[in-house]
Amino acid sequence: MAQAVPDREVIAPTLREIASDWSADQEVFRHTHWGKAMMWIFLLSDTFIFSCFLTGYMTMRASAVLPWPNTAEVFALNIGGQELPLVLIAIMTFALISSSGTMAMAVNFGYQRDRRKTTALMLITALFGLVFLGMQAFEWSKLIFEEGVRPWYNPMGAPQFGATFFMITGFHGLHVTCGVILLLIIASKVARGHYDKAGDYSAVEIAGLYWHFVDLVWVFIFAFFYLW
């Protein structure tokens with residue numbers, strides 16, 4: 001009669017094999033790099049967070065007792081004596097959408113092992129990100145120092161406006177900042193030939209996935225917060 005093998009003696013070697021495969025940089029998911037799979041999982045969780053933020057914003061706005069400020073007037077920019085509604089936001093959106101194009105080209109040249117073009121395009125993408133962050137800093141300073149808006153106070157109407165604005169745009173701005181840092185780190189590695197030695201440019205594509213996600217989230221913020 002065969003002797004029963006304890007479950008722990010069967011499970012332990014299996015767990016060791018899984019840990020060995022992952023630590024050896026194996027492609028755990030068929031035809032998918034493990035780093036790419038992990039980035040998709042992270043982006044999925046981030047999607048839930050931003051969805052909760054935007055849903056909470058829409059609920060707050062719909063239930064606000066005091067009038068909600070007109071975003072076209074709040075975010076207008078005075079140029080030559082003319083109040084131009086949302087012009088700064090439009091430029092910020094253009095910068096991020098353009099950065100998606102340069103990032104896509106960087107990924108393409110990365111897989112062609114064109115180190116010079118990949119580095120240049122990633123640096124241009126990071127520059128677009130810095131332009132966006134600079135404009136967002138200007139937007140925040142204008143809202144805080146000129147309009148007097150605070151997370152807990154809004155002289156133009158519903159106090160929830162300040163809380164939702166700083167929370168949503170601040171959280172997104174944090175993602176853009178992390179993305180710019182990531183792009184600069186990977187671009188420096190590309191320039192030094194790190195990925196040529198490793199024979200794998202997947203890091204460029206993984207950074208591209210993150211950056212495209214950040215750009216896509218901004219499109220939703222632009223539509224729901226600024227245009228609604």
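Guide: Let's start with a term: a salt bridge is a side-chain nitrogen of Lys or Arg within 4 Å of a carboxyl oxygen of Asp or Glu. This is a predicted model, and the structure holds 3 salt bridges.

Visitor: What makes Lys36 and Glu205 a salt bridge?

Guide: Their side chains meet with N to O at 2.8 Å. The cut-off is 4 Å, so the pair of Lys36 and Glu205 counts. Side chains of opposite charge can pair when their charged atoms come close.

Visitor: Which parts of the chain does that pair link?

Guide: Distant ones: Lys36 sits in helix 2 (residues 34-63) and Glu205 in helix 8, 169 residues apart.

Visitor: Okay, helix 8 again. Why are helix 5 and helix 8 called roughly parallel?

Guide: Look at the angle. The axes of helix 5 (residues 115-146) and helix 8 cross at roughly 30 degrees, coming within 13 Å. Angles under 35 degrees count as roughly parallel, so helix 5 and helix 8 get that label. Helix 5 passes helix 8 in a left-handed crossing.

Visitor: And what makes helix 4 roughly antiparallel to helix 5?

Guide: Helix 4 and helix 5 pack at about 165 degrees, and their axes are 8 Å apart. Anything over 145 counts as roughly antiparallel, so that is the name for helix 4 against helix 5. Their crossing is left-handed.

Visitor: Which residues form the nonpolar patch on the surface?

Guide: Ile97, Leu216, Val219 and Phe220, with about 360 Å² of accessible area together. To join such a patch, a residue needs over 30% relative accessible area. Helix 8 (residues 202-227) gives the most, with 3 residues, while Ile97 lies in helix 4 (residues 87-111).

Visitor: Last one: where is confidence lowest, and where is it highest?

Guide: Helix 1 (residues 7-23) is lowest, at a mean of 62, and helix 6 (residues 160-191) is highest, at 97. Over the protein chain the mean pLDDT is 89, and 88% of its residues reach 70 or more. Where pLDDT is low, the predicted coordinates should not be read in detail.

How values were computed
Residues are numbered from 1 along each chain as its sequence is written. This is a predicted model: local features need pLDDT of at least 70, side-chain atom pairs count only at pLDDT 80 or more; totals for chains, interfaces and linings use all residues. Side-chain values use heavy atoms; hydrogens and water are left out. pLDDT is the predictor's confidence in each residue, from 0 to 100. Helices (H or I, at least four residues) and strands (E, at least two) are DSSP runs, numbered from the N terminus. Patches are made of residues with over 30% relative accessible area and no salt bridge: like charges are joined within 9 Å, nonpolar side chains (Val, Leu, Ile, Met, Phe, Trp, Tyr) within 5 Å. Accessible areas come from the Shrake-Rupley method with a 1.4 Å probe; for residues, only the protein chains shown count as cover. Axes are lines fitted to C-alpha atoms, for helices over the stretch in contact, and angles run from 0 to 180 degrees between N-to-C directions. Angles under 35 degrees count as roughly parallel, over 145 as roughly antiparallel, 65 to 115 as roughly perpendicular and the rest as oblique. A crossing is left-handed if the near helix is turned anticlockwise from the far one by less than a right angle, and right-handed if clockwise.
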